[in-house]
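Subject: The model, and what I found in it

Hello,

Here is the structure I said I would pass on to you. Please open it alongside this message, and my notes will follow below.

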Amino acid sequence: MTSVEEGRPRALLAGASRWWVRQLPWAVAFVLSVALLPTTIVVLTADYGLGGGLASALAVAQAAPLLLAVAHPLRAWYVIFAADVAGALALLTVDFEARLLWPFPPMGIVGYIGLCLALGLRERRRTLLLVWLATAAANVGLGFAAPHGFGAKGLLLTILGGVALLLGGVLRERHEVQRRLAEQETISEAERERRTLLEERARIARELHDVVAHHMSVITVQADTAEYRLATLEPDVREEFTSIAATARESLGEMRRLLGVLRNEEAQGELVPQPGLPQIAQLVEATARTVGPVEFTPCDAEVPEAVGLSAYRIVQEALANVVRHAPGAATRVSLSVSEPGADGADRLTVLVVNGPPPEPPAAPLEVGGTGHGLVGMRERVRIIGGTLDAGPLPDGGFRIAARLPLTGPEFP
């Protein structure tokens with residue numbers, strides 16, 4: 001009803017869904033203009049005795065701007081208000097009967113009421129109050145020059161115009177309240193859909209955890225009890241079963257921590273220490289048992305917890321890619337602290353390089369991988385202000401090099 005699009009005022013009721021409602025203000029304005037224009041000329045000349053030329057000019061100035069009021073009611077008010085005051089002053093120059101309304105003839109009052117209704121539907125309270133005060137001031141001021149006395153009927157324009165302004169303002173504010181309620185309902189519906197989606201994701205995650213946890217628990221139990229169930233196991237085989245059980249228990253622990261975050265949105269962090277540089281050796285050892293020897297160069301430097309966790313996850317993902325895509329390939333994992341760079345900050349360099357696999361794997365370990373491994377690495381490195389270089393080598397291998405700052409605004 002009062003909306004503005006791209007800085008240009010829209011016509012009254014332009015947002016209505018039905019076409020005839022959108023055209024209604026134009027139709028009313030057109031009917032008023034067509035009816036008031038000749039009527040004003042006839043009444044001003046025949047009843048009030050005003051000259052035909054002046055009466056015609058006043059009629060046009062008072063009636064034609066009603067069409068403008070559909071889109072620009074305030075601009076139309078300036079013209080019509082000035083024309084009404086000018087018409088009242090012009091009537092002082094002629095001798096008309098005392099029974100006739102003055103300072104504003106009936107035709108001017110009808111047009112002014114329609115204009116005030118348009119103003120109420122478009123303008124804010126402050127503007128409406130100023131319009132009414134200007135109308136009242138002009139009405140009362142002209143009353144002091146009344147040729148036949150000034151009574152209550154001389155205030156009809158002020159009274160009826162105020163009623164029209166009030167009615168239009170009430171309708172406009174009611175429309176605004178309904179529009180905001182509709183918008184709020186739309187937002188609330190979107191929030192409900194989002195909450196439902198998050199709850200469904202959490203439910204799926206819990207169900208997935210229950211399924212995977214069951215199988216991982218079976219693997220753990222079977223690996224732990226293998227040396228008791230199978231008395232003829234060689235020592236290195238027993239050690240392999242022990243490593244499998246430890247890896248399965250670690251996976252279950254990480255899965256339960258993630259599930260805890262899903263179940264408690266207000267959790268401030270993990271309740272157990274996160275893996276860091278010391279745990280990378282265990283990753284390398286587990287990978288070596290799976291795909292063959294892995295050369296490892298450790299680093300005993302003290303690093304921030306976020307850097308240690310990022311380094312661990314980068315090596316974890318890189319070695320997982322070796323297991324998936326290059327089993328048996330010569331692999332090297334290196335951790336080192338480099339000298340301060342141009343910015344004066346020490347950096348932890350994480351390097352994982354693997355050669356080409358001895359032979360292409362008979363079948364991929366995973367079908368339809370997500371391809372999010374490198375994306376996750378880059379995001380971790382970006383968060384702590386580091387850099388990551390990853391790409392294939394000319395001989396068919398792959399190289400991942402991450403440089404993680406040990407000092408900076410990210411770390412206290």
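Predicted model: local features only at pLDDT ≥ 70, side-chain atom pairs only at ≥ 80, totals over all residues.

**The chain as a whole**

The protein chain has 11 helices and 7 strands. Of its 412 residues, 35% are buried. Among contacts with a separation of 6 or more, 68% are between residues 24 or more positions apart. The accessible surface amounts to about 24,200 Å², and carbon and sulfur atoms account for 61% of that.

**The sheet and its helices**

What is the order of the strands in the open sheet? It reads β3-β4-β5-β7-β6, with 5 strands and mixed pairing. At the edges are β3 (294-297) and β6 (387-392), each of which pairs on one side only. On average, neighbouring strands of this sheet are turned by 10 degrees against each other, direction ignored.

Going through the pairs, β3 and β4 (residues 331-338) run in the parallel sense and share 4 bridges. Here F296 has V333 in β4 as its bridge partner.

Which strands does helix α9 lie across? This helix (residues 277-291) lies across β3, β4 and β5 (347-354), and it runs at about 170 degrees to β3. Helix α11 (residues 373-383) also packs on the sheet, where it touches β6 and β7 (398-405). The direction of α11 makes about 160 degrees with that of β6.

A residue to look at in helix α9 is A288. With a relative accessible area of 27%, A288 falls between the cut-offs of 20% and 50%, so it counts as partly exposed. Leaving aside neighbours within four places in sequence, A288 is in contact with P293 and V294. The C-alpha atoms of A288 and L319 are separated by 9.6 Å, although the two residues are 31 apart along the chain.

**R313 in helix α10**

R313 is found in helix α10 (residues 305-325). Is this arginine buried or exposed? R313 is buried, because its relative accessible area of 16% is under the 20% cut-off. Not counting residues up to four places away in sequence, R313 touches E254, Q274, P275 and R380.

**Two loops among the helices**

The peptide bond from W102 to P103 is cis, with omega near 20 degrees. P103 lies in the loop between α4 (73-91) and α5 (106-122).

The loop between α5 and α6 (125-143) holds E123. At 17% relative accessibility E123 is under 20%, so this residue counts as buried too. Beyond residues up to four places away in sequence, E123 touches P73, L74, L128 and R172. Take P73 from that list: it is 50 residues from E123 in sequence, yet the two are 8.5 Å apart in space, C-alpha to C-alpha.

**A nonpolar patch on the surface**

Finally, have a look at the surface around W26, F30, V31, V34 and L67, which form a nonpolar patch. Together they have about 460 Å² of accessible area. Which helix gives the largest share of the patch? It is helix α1 (residues 19-47), with 4 residues. L67, for its part, lies in helix α3 (residues 65-68).

Happy viewing, and best wishes

Methods. Residues numbered from 1 in each chain as written. Heavy atoms only, no water. Patch = residues over 30% accessible without salt bridge, like charges linked within 9 Å, V, L, I, M, F, W, Y side chains within 5 Å. Areas by Shrake-Rupley, 256 points an atom, 1.4 Å probe, with all protein chains shown as cover. Salt bridge = Lys/Arg side-chain N within 4 Å of Asp/Glu carboxyl O. Buried < 20%, exposed > 50% of the residue type's maximum accessible area, 1.4 Å probe, protein only. Contact = heavy atoms within 4.5 Å. Pairing = 2+ DSSP bridges. Axes fitted to C-alpha atoms, helices over the stretch in contact; angles between N-to-C directions.
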